[in-house]
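Please look at the structure before reading on.

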Amino acid sequence: MTDIQHCEIRPGRLVEWALHPETVEAAAALPEDARPPAYVQESHVRTARAVREDGLFVPTWTGTAFDLPGPVDLDALQRALRAWTQRHETLRSGFRWIGDEMRRFTLEADAVRLRREDTGDFPDAAVLTRHLESRFDAAADALVWPNFLYAAVLRPDGASLYLAFDHSNVDAYSIYRIPAEIHELYAADRAGTTVPEPPVSSYVDFCALERSNADRIDDTHAIVSRWREFVAQCEGRLPNFPVDLGLEPGGPLPEQRLMRDILVDDADAAGFEAYCRPYGGSLVGLLAATALLVHEIGGSPVYRTVVPFHTRAKSQWRDSVGWYVGGAPIEVPVARAPDFDSVLAMVRAELRKNRALSWMPLARVLQLLGDDFRPTSPDRYSIVSFVDTRGFPGSERWREMRAHGLIRVSYGDQVCAWISRFHDGLQFAARYPDTDIARKNMRRYAEGLREHIAAVAREGAGGPRLSRQRTKPLGTAWPAASA
């Protein structure tokens, strides 16, 4: 994961694809689609609207970047992009406001047409980067439809593709699948063949199913009761990242900054995973290490967080593009743990107890909590997310393809950290409030993660069990994480 400022955009000729104006015009006349938005979609759009009405534009797009070998056949690429857009129904589906209600409309696949626009040459990479960010901010906006844009930067030796979508349509699992799928469709078109894949299940269908199930619960349900207890422990909110971020209470939503770095190589990542496997694997280990670190940095005796999990419970949703994410609350009393293994056991117990809560949309639960939930920011909570990318199609070629997941870093008072397992190691990326104190503490956190992971990997291979306190001060053995 990175932002568009850090994915090493190179000069070239820019070409863009958006839905054809005639397709957009036809969509305006479509009847209502009875399938409702997912709770996470509705919450996302309503929050974006409320923030905009307060006078702040907060871009929320995410996307992917990757290369195609050249010279590139633009007609074949356009057909590949159209076929991919047709395959995923959520990209053909949008919302209208009827009073204060969001109502869905959906294009048929055959109605999809793309319009290609040759924007011209950009000899300056910095100018091109700013242009792309600005275009994606406008075109992949939560409050417009269509809310995605495709771009290619052409050079004699190939092209770099940049695909941006409002978050309401995609999650990390979606964007990690895109490079291989576009490569496959493009190669098949060039070869005059077709891609023999069955139809992909629709996220729009999933939204209707999930919402129907969620609407069956009320405020007396056990899931709602568990969340009520958790929110009460967080003083009526969801948890922030429990270290000092240098923010003034009640101040304006701050600008954010990106931090990204390689944590450890494949050998240490594998050693860490092996050590943590009896407790559930790398996710448990990373949460345990985080609990120790935020206790050390911020002094919090209990680490509370919402752990994101995908909700693709059935294999039919595996290849589908959509926002299939739920969250589970955990509470780790790290101050009572004598060693790392004890924290691992605590995290494992919490995840076993609470993971099932992630299947119920959090936005529905918060709605049912009523006045027991008192948010103070459009950023509802901080996260530490882990994804093992090695099972995604084509992931072994991502370095060759210069493939990246893209996030938009703009405004927010919470911390979002993404830790990704690649074939060559573990990568860390985070967006956080851009203050001197936050920068210092986030650097301490990233360096501490690196030290913990390496120490567990190496001592787990035959050395003694790790104590809760590390044997050297932060930052003495590793370079600072880049920001």
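In which sense do strand β2 and β12 pair, and over how many bridges? Strand β2 (residues 61-69) and β12 pair in the antiparallel sense, over 4 bridges. Two strands pair if DSSP finds at least two bridges between them. Within this pair, Gly63 stands opposite Leu406 in β12.

The model is predicted: local features need pLDDT of at least 70, side-chain atom pairs count only at pLDDT 80 or more, and totals for chains, interfaces and linings use all residues. Residues are numbered from 1 along each chain as its sequence is written, and side-chain values use heavy atoms, with hydrogens and water left out.

**Strands**

The secondary structure of the chain comes to 13 helices and 14 strands. Helices (H or I, at least four residues) and strands (E, at least two) are DSSP runs, numbered from the N terminus. An open sheet is formed by 6 strands in the order β5-β1-β6-β7-β2-β12, with antiparallel pairing. Its edge strands, β5 (114-122) and β12 (404-407), each pair on one side only. On average, neighbouring strands of this sheet are turned by 20° against each other, direction ignored.

Elsewhere, strand β9 (residues 303-310) pairs with β10 in the antiparallel sense over 8 bridges. His310 stands opposite Val325 in β10. Strand β10 (residues 325-332) is largely enclosed by the rest of the structure, because 7 of its 8 residues are buried. Buried means under 20% relative accessible area, with exposed over 50% and partly exposed in between (1.4 Å probe, protein chains only).

**Helices**

Helix α4 (residues 125-139) lies across β1 (12-19), β2, β5, β6 (148-155) and β7 (158-166), and runs at about 160° to β6. Axes are lines fitted to C-alpha atoms, for helices over the stretch in contact, and angles run from 0 to 180 degrees between N-to-C directions.

The axes of helix α8 (residues 266-276) and helix α9 (residues 282-298) come within 8 Å and cross at roughly 95°. The helices α8 and α9 are therefore roughly perpendicular to each other (65 to 115 degrees). Phe272, Glu273 and Cys276 in α8 meet Ser282, Gly285 and Leu286 in α9, where contact means heavy atoms within 4.5 Å.

**The whole chain**

| Property of the chain | Value |
|---|---|
| Span of the C-alpha trace along its principal axes | about 65 × 55 × 45 Å |
| Buried share of the 483 residues | 57% |
| Share of contacts with a separation of 6 or more that join residues 24 or more positions apart | 81% |

Terms used:
Parallel < 35°, antiparallel > 145°, perpendicular 65-115°, else oblique.
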